[in-house]
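Reader: I'd like to learn how to read domains and salt bridges in a model. Could you walk me through them?

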Number of protein chains: 2
Amino acid sequence: MSTWQQVAESKRAQREALIPEAYKVPASSLPAVSTDSVVDFPSKTGILTAREVQITETDDVSVLLAKLASGEYTAVEVLESFIKRTCIAHQLVNPLTEIHFEDARKLAAELDAELKSTGKVRGPLHGLPMSVKDQFQIKGSDSTIGYISYANKPSDSDSVLVEVIKKAGAVPFVKTNLPQTIMYSETSNTLWGTTLNPHNRTLHPGGSSGGEGALVAMKGSPLGVGTDVGGSVRIPAALCGLFGLRPCSHRFPYEGAVNTLLGQITIPSVLGPLSRSLSGLTEFSKAVLAQQPWLLDPQTPSMPWNEERFQQARTQKKLNVGVMWHDGHVKPMPPYERAIKEVLASLGEHDIVDFEPYKTKEAMGILVEAFCADGGKDISESIAPLKEPLGPCLSGIGQKEYTAFEVWQANKRKLAFQKEYLDHWNATARQTKDGRPIDLLIVPGMAYTAIAPGNDIYVAYTGIFNLVDYPAVVLPISKVNPAVDGGATRSGGFLSEDDEKWSKKWDAEKLVNAPVCIQIVGRRYEEEAVLGYAEQVYDAFTAGSKKT
Amino acid sequence: MSTWQQVAESKRAQREALIPEAYKVPASSLPAVSTDSVVDFPSKTGILTAREVQITETDDVSVLLAKLASGEYTAVEVLESFIKRTCIAHQLVNPLTEIHFEDARKLAAELDAELKSTGKVRGPLHGLPMSVKDQFQIKGSDSTIGYISYANKPSDSDSVLVEVIKKAGAVPFVKTNLPQTIMYSETSNTLWGTTLNPHNRTLHPGGSSGGEGALVAMKGSPLGVGTDVGGSVRIPAALCGLFGLRPCSHRFPYEGAVNTLLGQITIPSVLGPLSRSLSGLTEFSKAVLAQQPWLLDPQTPSMPWNEERFQQARTQKKLNVGVMWHDGHVKPMPPYERAIKEVLASLGEHDIVDFEPYKTKEAMGILVEAFCADGGKDISESIAPLKEPLGPCLSGIGQKEYTAFEVWQANKRKLAFQKEYLDHWNATARQTKDGRPIDLLIVPGMAYTAIAPGNDIYVAYTGIFNLVDYPAVVLPISKVNPAVDGGATRSGGFLSEDDEKWSKKWDAEKLVNAPVCIQIVGRRYEEEAVLGYAEQVYDAFTAGSKKT
């Protein structure tokens, strides 16, 4: 039997062998790791043609889909453009796990032939290359999810998500990196190594869907799929300057995604898209729901895309907007307040009220006890076969395992908290001019921006919405600007020890280019509304930015 | 401190005191307990006027609502009619726990005044008296749910369900009996005593919502609300000859309903209506969802009533109908096969295929391990304060408690089973003429009919649909007829020991008048579809019955 080191080395060699030599940059030409962004590096390598650069730099997924549908771009050329850029991105920020270029090329050719012969697209995502987090099974490759012990067990069928996006015409072509156990907000593991943040490679891209965050930010993929149980879609979106959606439990089909802790159903992991355009999130949501995923995933409720609600939210004249400036436990770093103020300044004649943070510390306690209830047994069993090392993770290892009765009591605390939070949201009716509760909530994307590896991460700004199960969209608003955001501005009046710790860590000079994002949060199972509100807010913001 | 006997006696005395003397039948005039139906007895007592008899015998809830809305009946007179009949019913079959006649009278008078002054109904259930299972809190009374230890802790607010039906104009006036722990299919407890089946008082009405079953069958209430975690709405509906609906998890608002095992979220308890008309189920579903219960219950998905789907299902010309004649483990008693054949004979030109039962015994194992995971601790703690006796129940008492890790593994078995069952349903596409899977599934309501108390009950015919979380409607089709259904017809070829046991128990002579029901089952979260299909099937059946 091989050692974990041998297995990992062999897996990495297999991955390397699937990257065409022609798509590699000579090591001597690669930029040194620095605070400089490498997002534009691939287009200067000469590996992509001008047309291929143009294709990969089409951020708006709706535009790309329209050109694919009209035949202006073929699926084959779009795929090859992104393959090239992905290969270069991989040399720079290491986002890949499994590579499916050959399957994807075949599928793209089929799609082109189908469009040519029938005049019709296969589905709403016709010809769109897509990346998926390593959890999603693609027939023929592993889903190791960072466990070396899971290697060399290729899937014999696709996860439902992969099945569904393929039916919709998408072309899955790579799987992406994540932390071992997936219960962590950096993206590093002994099997595949560490993924870096392309905006500033001294920083990490967040996690757990950090491979997606890094690859999509590098324009190696126009649309990626991550998962989120405490922020794992939104954290990499926020740290890599992307749009990201956390939908409510089971809205999109998770069936067949590999994970540990799958039996932990108190706070279910969900899947959601990351993209460089809001249209990427909307096109994904519409396309996935159009395939009636509830016919394939027994957990997915039969809720079709509600176009009426989406349009209503996009165009609603008078919005009641709540703003949670901080969570009552850790104040976000200076650029977040700046970003929210910029957004509000552009918003126009809406009713904007402060949203009181609600029991953040208690909420995080409930989240952690749900994740750690098994005393770490599930994770321990996953690393046992090869005795591989355990990376940093949020797990119950070393803690006393809950009994079933204790799990039930924890579930009750969680349900009670959800009810309290709903009542708290409804109570905003007392603050608004028209006596209606807020329609949407604006909150910082994170407390801190992207940070150097090994610094842990404070996840309450995302985790709270996993606990109450509300949909949330990440919007990229700004970047750290040391001239404006620099210097520790607070010397006292801290909300908590954590608040003081994070405040003292603030060092804008080191965080050049780090993106600053906000979240738009809506009511439960109102993904359409939150996407519509997000569009309205973002359009107002970009229109406002153009004016100034 | 009082003993449990003293507390129980005092609670029963309080209940007795709330029943007006004028609405009581002298003991000497009450019929002796026998196999005879007592459903019509109240109308012969002289306590109800002819008009009140007419009101209470209006089975069709839509008709009653129309007469209340038009002012042909006042809310006050409708309420008093049902109060009278309920009081007599209580003497006969003991369905009541808490009595709210005074609150209800005030509310009914308000509703009449409102209709008179505004010309408008308060909501779609305007003036309809409703009974609710003891779990639902009504401000001012206890929710003991059969635990004497829970007595004398009056609720200070209504459960969300009660809040919602009141907003819709309904008049909750009584709460109804259930077995202690609620984890049992008879309806008896040390606090409130035993509820009987009005069709044959030597039999029990099933459970756990047996108070509702008995009261609605007695026409003491036009519409009742029960809960169902293994069949607890459908079993009393099936055993009392009623229409009943088990919706999918959280579709209707359970928030604020009292229960033990509330932290058990693997297979959640749901609430559903029981009525003497299918219109009762539909009016309830529409009215509850019209109140947007997701604004009050954080578990309820924001899925409004889908009228289009309901109408489509009601009128769909070509149905693919699956029939599961038995569950592969215990064959239902003879009248069920007869009832299904009668229904199919009336159905007309639809495509009817046999539905293979799927791993029933394994399914029941998964159900039981979910319910019993805590080793009975939750129930033990509930009876501890007064050291009250524990009645028969499905609980983990005496079993080894699961660890959190074991709970997680059990959850995974449940999720895997749901996926298998969905694939099994989809695979019926191979059996139908048009290659579509079945639209609906017809299954026996139960294996056995109502039976004498103390016989346990086989619940797999209902429990399987809690496990897979499909909506199911109970339709009353027939009654036991000893001349046709009598005699043990099977002497061998049993499917299992359970099958042999139940078959040998069959004794039609003792089961005179016992109702025989079927279930119509649909896909997950398609309550509208299953109600529409149920209407189509039931209308065809009653039209067919009239012809013969």
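Author: Gladly; we will take the domains, then their interface, then some salt bridges. This is a predicted model, in which local features need pLDDT of at least 70, side-chain atom pairs count only at pLDDT 80 or more, and totals for chains, interfaces and linings use all residues. Residues are numbered from 1 along each chain as its sequence is written, chains are lettered from A and ligands numbered from 1 in the order in which they are written, and side-chain values use heavy atoms, leaving out hydrogens and water.

Reader: Into which domains is chain A divided?

Author: Domain bounds come from an automatic or database domain assignment. Here chain A has domain 1 (4-26 + 37-302) and domain 2 (310-547). Taken over C-alpha atoms, their centres are 24 Å apart.

Reader: How many residues of domain 1 of chain A are in contact with domain 2 of chain A?

Author: Contact means heavy atoms within 4.5 Å. By that rule, 52 residues of domain 1 of chain A touch 65 residues of domain 2 of chain A. Buried area is the accessible area (1.4 Å probe) that two parts lose on being put together, summed over both. Between these domains of chain A it is about 4900 Å², with carbon and sulfur atoms giving 62%.

Reader: How many salt bridges does the rule find across the interface of domain 1 and domain 2 of chain A?

Author: A salt bridge is a side-chain nitrogen of Lys or Arg within 4 Å of a carboxyl oxygen of Asp or Glu. The rule finds 3 across this interface of chain A. Over all chains, the count comes to 70 salt bridges.

Reader: Which residue forms a salt bridge with B:Glu98, and is B:Glu98 buried or exposed?

Author: Buried means under 20% relative accessible area, exposed over 50%, and partly exposed in between (1.4 Å probe, protein chains only). The partner is B:Lys11, with the closest N and O atoms 2.7 Å apart. B:Glu98 lies in strand S1 (residues 96-99) of chain B and B:Lys11 in helix H1 (residues 4-17) of chain B, so the pair ties together parts 87 residues apart in sequence. Helices (H or I, at least four residues) and strands (E, at least two) are DSSP runs, numbered from the N terminus. B:Glu98 is buried at 9%, and B:Lys11 is buried at 3%.

Reader: What separates B:Arg105 and B:Glu102 in helix H5 of chain B?

Author: Their side chains meet in a salt bridge at 2.5 Å, N to O. B:Arg105 and B:Glu102 are about one helical turn apart, because they are 3 residues apart in helix H5 (residues 101-118) of chain B. B:Arg105 is partly exposed at 24%, and B:Glu102 is partly exposed at 49%.
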